[in-house]
Amino acid sequence: MEIYKDKNADIESRVSDLLSRMSDEEKVGQMLQVSYNTLSGEDYEKYKTLGVGSFLHVLGEECDEIREKAASTRLGIPPLLGIDAIHGHALRNGATVFPSQLAASCSFNRELIKEMGRVTAREVCADGLDWTFSPVLCIGRDLRWGRVDETFGEDSYVVGEMGKAIIEGYEDENLIISCAKHYIAYGEATGGRDAYDSEVTERKIREVFLPPFKKAVDAGCGSVMTAYGSIDAKPLTANKRLLREILKDELGFKGFVVTDWENVRSLVTNQHFAENLTDASRAAIEAGNDMSMNTHEFYECVLSLLKNKKIHMSLIDDAVRRILRVKFRLGLFDGKKRPEKSVIACEGHKKINHELARESIVLLKNDSALPLDGDTKTIAVIGPNADDVRALYGDWTYFSHPEPKRDVKPLGEYYTVLDGMREVFKKSRILYEKGCDIFGHENETDKAVKAAKKADVVICVLGDCLAQNGEYRDRADISLTPIQLELLKRLKGTQKKLIAVLVNCKPLCIQYLKENCDAVIEMFNGGDYGGLAAAELIAGRFNPSGKLTISFPRHSAQTPCYYNGYGGWHGGRYMDIDEGNVYDFGDGLSFSEYEYSNLRLSKKTVTENDVVEVSVDVKNNGAMDGKETVMLFVNDVVSSILTPVKELKAFEKVFIGAGEKKTVTLRLDVKDLALVTHGLKRVVEKGEFEIMVGSNTKKYIKDTLTVV
Ligand code: GLC
């Protein structure tokens, strides 16, 4: 029996045996991923029997057909079927749609994020697929960028922790592999311009953008995706330093690297880095890309490079070895057992989704407005996003990908804010008016004001829409659209109690909303249960615990406005707008007040090899049990290069009963206080470090740690 067919043989032996049997065509075929929507019909059919390594965006019975065709090839190497299941298996109508990454990150709940990964893996695998192009480890620091919703927010530590958690969830049952993307500093492009150039040094990459990918590699993620853009004018697709030398050699990444969509072609058509596809294919492989997403000419180009001895077979073998290793690990050669399709959107998954929606939603303002009395007679629910499932879901669902679908009927259970209010406030009379659409093509603010005048309370649901977010959709102006502001002002004019619920992909400039509403709730894209969680929060059914993982500027020009910037700005503000942000990273209210006291460190003088236990007492002074995320920030008081005025180094979310005081202990590894020198060395400098432990970036108690 051939070793590669022997399921009892070890993976490396199976890979080597199979590789030794493969022709050049069969090897290069494994390095190509194709999708039906970039190929003409007959071409697509051709690739099904050619033995390509992977297909993307196939669903349902097409998975079986593709597998059968692959099984009929000479060596019967199974393909990897990949899909963007980035907040649940959401490209499949009827599967669980979780809150977006940005929304879910506000839960600060590693365990729930891991569960989100596990649930998604089960549904993706049950549906016949093997690979999710998730998590996004980009850092949402420039709010003009169109893909901020896909990030876990503005802080590198949070992005790394959430990325690690969801990768563990995706991969720990060996059902699918994950994909850490987009490598690297994709969201940092100048001007927030998608797929443009990021002017970041290797030092900055190592300090801010690489740590989440290191955590992903250490968590065992099966693949990494190369970003579209360029770093200091070197396309990432051709960036050997970052891909091969740092990711593969230095971090020891053993999975495989897939390019993003048509990156090889972009080297020719967009970035004008290569004269033709053959040169582009060679540059991509030499830089460290193991698989090309689309650019199907890649196949012929690489075969011609081999024939003309323009590329070393060792690079091809290394790429194919990495891809085969994953396929063997997943059990694809051995008749993989998949969960029953009945797991898709099963009750257990719905429960986890609902819990995550509750822990993710953020109460930003509450001037004694909430909870609302359950017997409130009349409630008006008004606004463009009050009853819009597309807004509720956000990007990367069956509405938007692989192609936009206008009128498709959702097959799964979901709650818009209107659905949630009707479900929770059954005894109240619920009036509903859309009032307008996001752009003002529809304008029925008169009807909305009329409804508001009949109500005791107005729930105003505003935000943004899919057309304002995603690839190619960066915004110069991230304000609420004028029609929404007009609607809000007119509702304010009714003098009714005004509760704002934001259903939006990313932070918007909401100074007027903050100043003029009695309560403000931020949901971002809350997923199937976002609207229900909003209504349950309004009714006081649970104690909110969400906190922002991203800051909200006063003005679009104020971005980037992340909390962990450096000192040294003359005056500290723009002269033509008020100082500071509208909301900051870490903001989020509860119905309880949490009181911090008695901060103590297990050691106050340390060396870089120490780990310090940082303990604090936290008392829940409220009448409801609750969960509180305790945050630990550090400030390197004097440093040989600028370091952030404060930076998150640890957080723990803990349950604290009503009236209970609990000691919370956070672990601080002194090595995590390192900065990255211009010599690219990670160094913990001697001297004082301020340790700040509290609820957010403004409410904390301080102590000092000295490194000797
Ligand atoms: C896209 C995205 C990437 C996604 C891929 C496959 O254009 O940039 O995040 O995974 O193509 O859909």
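In this predicted model, a polar side-chain atom of Glu471 is placed 2.6 Å from an oxygen atom of the ligand.

| Residue | Distance from side-chain N or O atom to ligand oxygen |
|---|---|
| His182 | 2.6 Å |
| Tyr228 | 2.4 Å |
| Glu471 | 2.6 Å |

The ligand taken alone exposes 310 Å², of which the protein buries 97%; accessible areas come from the Shrake-Rupley method with a 1.4 Å probe, and for residues only the protein chains shown count as cover. The ligand is surrounded by 14 residues, with Asp84, His182, Tyr228, Asp260 and Glu471 the closest; a residue counts here if one of its heavy atoms lies within 4 Å.

As to provenance, local features require pLDDT of at least 70 and side-chain atom pairs pLDDT 80 or more, whereas totals for chains, interfaces and linings use all residues. Residues are numbered from 1 along each chain as its sequence is written, and side-chain values use heavy atoms, without hydrogens and water.

Most residues other than glycine have a negative phi, and most peptide bonds are trans. Tyr183 and Ile184 are joined by a cis peptide bond with omega about 5 degrees, and Ile184 belongs to the loop between β5 (179–183) and β6 (197–198); helices (H or I, at least four residues) and strands (E, at least two) are DSSP runs numbered from the N terminus. The loop between β5 and β6 also holds Ala195, a residue other than glycine whose phi is positive, near 70 degrees. A cis bond also runs from Thr559 to Pro560, with omega near 5 degrees; Pro560 sits in the loop between α20 (530–538) and β18 (594–601).

The whole structure contains 60 salt bridges, each a side-chain nitrogen of Lys or Arg within 4 Å of a carboxyl oxygen of Asp or Glu. One of them pairs Glu26 with Arg74, their closest N and O atoms being 2.8 Å apart. This pair links distant parts of the chain, 48 residues apart: Glu26 lies in helix α2 (residues 24–30) and Arg74 in the loop between α4 (61–71) and β3 (80–83).

Notes
Polar contact = N/O pair within 3.5 Å; in protein donor to acceptor, adjacent residues only side chain to side chain.
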